[in-house]
Amino acid sequence: MARAILLIHGGGEGAHAADAKLAADLQEQLGGRFVVHCPQMPEESQPSYTAWKAQLHSELAALPGEPILVGHSLGGSVLLKFLSEEQVTRPLGGLFLLAPPYWGAPDWEVAEYMLNESFATELPHGLPIFLYHSRDDGVVPFHHLARYQEKLPQA
């Protein structure tokens with residue numbers, strides 16, 4: 001059976017379409033050993049954590065085995081919030097975060113997406129976490145990576 005990957009796209013107009021290309025490329029590179037799922041999250045142009053959380057519960061419940069989670073931009077920060085605040089009892093294969101914004105950084109103070117101070121200790125025990133960020137990202141500043149590195153030294 002192919003291993004499931006759940007890719008959660010970023011927020012904003014056209015975010016799903018843009019990240020669907022990333023999902024298709026990932027599927028092509030990984031081949032038949034994996035199946036990449038990239039569902040359209042609710043209200044991508046005006047996302048709400050509550051709506052995305054509800055859909056994440058449904059998406060995770062539908063996947064077999066130990067799914068690998070990939071989150072791009074807002075999708076990455078939403079996955080971190082979800083995994084640190086919700087009861088996720090199933091085993092996960094890993095968490096890959098691509099340029100997640102650090103909500104609470106200067107000019108990024110959006111309470112709805114901010115993580116609890118102890119979020120790192122609330123993540124599923126032993127979950128492999130990988131952080132990726134481009135130095136020239138035009139949306140999420142590179143210094144957000146340093147904040148995550150500080151809070152997630154195991155990543």
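Me: Buried means under 20% relative accessible area, exposed over 50%, and partly exposed in between (1.4 Å probe, protein chains only). Is S73 buried or exposed?

Reply: This is a predicted model: local features need pLDDT of at least 70, side-chain atom pairs count only at pLDDT 80 or more, and totals for chains, interfaces and linings use all residues. Residues are numbered from 1 along each chain as its sequence is written, and side-chain values use heavy atoms, leaving out hydrogens and water. S73 has 16% relative accessibility, so S73 counts as buried.

Me: Where does S73 lie?

Reply: Helices (H or I, at least four residues) and strands (E, at least two) are DSSP runs, numbered from the N terminus. Phi of S73 is near 55°, positive in a residue other than glycine. Most residues other than glycine have a negative phi. S73 sits in the loop between strand 3 (68-72) and helix 3.

Me: Is D107 buried or exposed?

Reply: D107 is in the loop between strand 4 and helix 4 (119-122). D107 also has a positive phi, about 70°, without being a glycine. At 74% relative accessibility, D107 counts as exposed.

Me: In what order do the elements run from the N terminus?

Reply: The protein has five helices and five strands. From the N terminus, the order is β-α-β-α-β-α-β-α-β-α.

Me: Which residues does L80 contact, leaving aside neighbours within four places in sequence?

Reply: Contact means heavy atoms within 4.5 Å. With those neighbours set aside, L80 touches L95, L97, L115, F119, L123, Y148 and L152.

Me: What is the radius of gyration of the protein?

Reply: This value is taken over C-alpha atoms, and the globule rule is 2.2 Å times the number of residues to the power 0.38. For 155 residues, a compact globule would come near 15 Å. The protein agrees, because its own value is 15 Å.

Me: What share of the 155 residues is buried?

Reply: The C-alpha trace spans about 45 × 35 × 30 Å along its principal axes. Of the 155 residues, the buried share is 43%.
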